[in-house]
Amino acid sequence: MNLGIIATVVFNQLRPFPPHANTTQTPPVNLPDYLQLSNEQRQRWQQLEPVFLQDIAANWREIRKHRETLVRHIFAGTPQRAAIDAEQARIAALQDAQQQRVISQLLAERDLLNESQRARLMALLLSRYEQEATKEELLHRD
């Protein structure tokens, strides 16, 4: 598995819309190389990644499913506000759980990095946040 995708995953999971909603396509970064991890750090990094990526992927599948249901409720012949609110609440709960998982992952990664590596990772994440726009925003732009 390409360890570099974790930057993209982490970066995209802290926001409330799907990871493919970027306005620009930022190429994946191989984080172990970018952060110049030692062999020991790489081994620890590889232990952290698989479960995290599986959890995030499963969470996104659930969010997408509930978003589809939400849209169907909104555009039904007679929208039922209770059903809309229930789907919105479920999506919010899934997003909250996802954000907590990402925070836990980032804290675990932070613990294995030195100060210089932490600064590089933080700068990378912040620079990618600046490039974001959601598909919803893109649909409603002039």
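Q: Why is Q36 called exposed?
A: Relative accessible area decides: under 20% is buried, over 50% is exposed, and in between is partly exposed (1.4 Å probe, protein chains only). Q36 has 60% relative accessibility, so it counts as exposed. This is a predicted model, in which local features need pLDDT of at least 70, side-chain atom pairs count only at pLDDT 80 or more, and totals for chains, interfaces and linings use all residues. Residues are numbered from 1 along each chain as its sequence is written, and side-chain values use heavy atoms, with hydrogens and water left out.

Q: Where does Q36 lie, and what is its phi?
A: Q36 sits in the loop between α2 (31-34) and α3. Its phi is positive, about 55 degrees, although Q36 is not a glycine.

Q: What makes a stretch a helix here?
A: Helices (H or I, at least four residues) and strands (E, at least two) are DSSP runs, numbered from the N terminus. By that rule the chain has six helices and zero strands.

Q: Why is A57 called partly exposed?
A: A57 has a relative accessible area of 30%, so it falls in the in-between class. A57 belongs to helix α3 (residues 39-74). Its C-alpha atom is separated by 9.9 Å from that of Q98, 41 residues apart along the chain.

Q: Which residues of α4 are buried?
A: Among them are I84, E87, I91, L94 and Q98. An α-helix has 3.6 residues a turn, so residues three or four places apart point the same way. In the chain, buried residues make up 33% of the 142 residues.

Q: What lines the largest pocket?
A: A pocket is an open set of points on a 1 Å grid over the protein atoms alone, where a 1.4 Å probe fits, with protein on both sides within 12 Å along at least five of seven lines; lining residues have an atom within 4 Å of a point. The lining includes L106, R110, R118, M122 and Y129. Helix α5 gives the most, with seven residues.

Q: How many of the lining residues are charged?
A: Two are charged, nine are nonpolar and none is polar. Asp, Glu, Lys and Arg count as charged; Ala, Val, Leu, Ile, Met, Phe, Trp, Tyr, Cys and Pro as nonpolar; the others, Gly among them, as polar.

Q: Where is confidence lowest, and where is it highest?
A: pLDDT is the predictor's confidence in each residue, from 0 to 100. Helix α1 (residues 5-13) is lowest, at a mean of 47, and α4 is highest, at 96. The chain averages 83, and 74% of the residues score at least 70.
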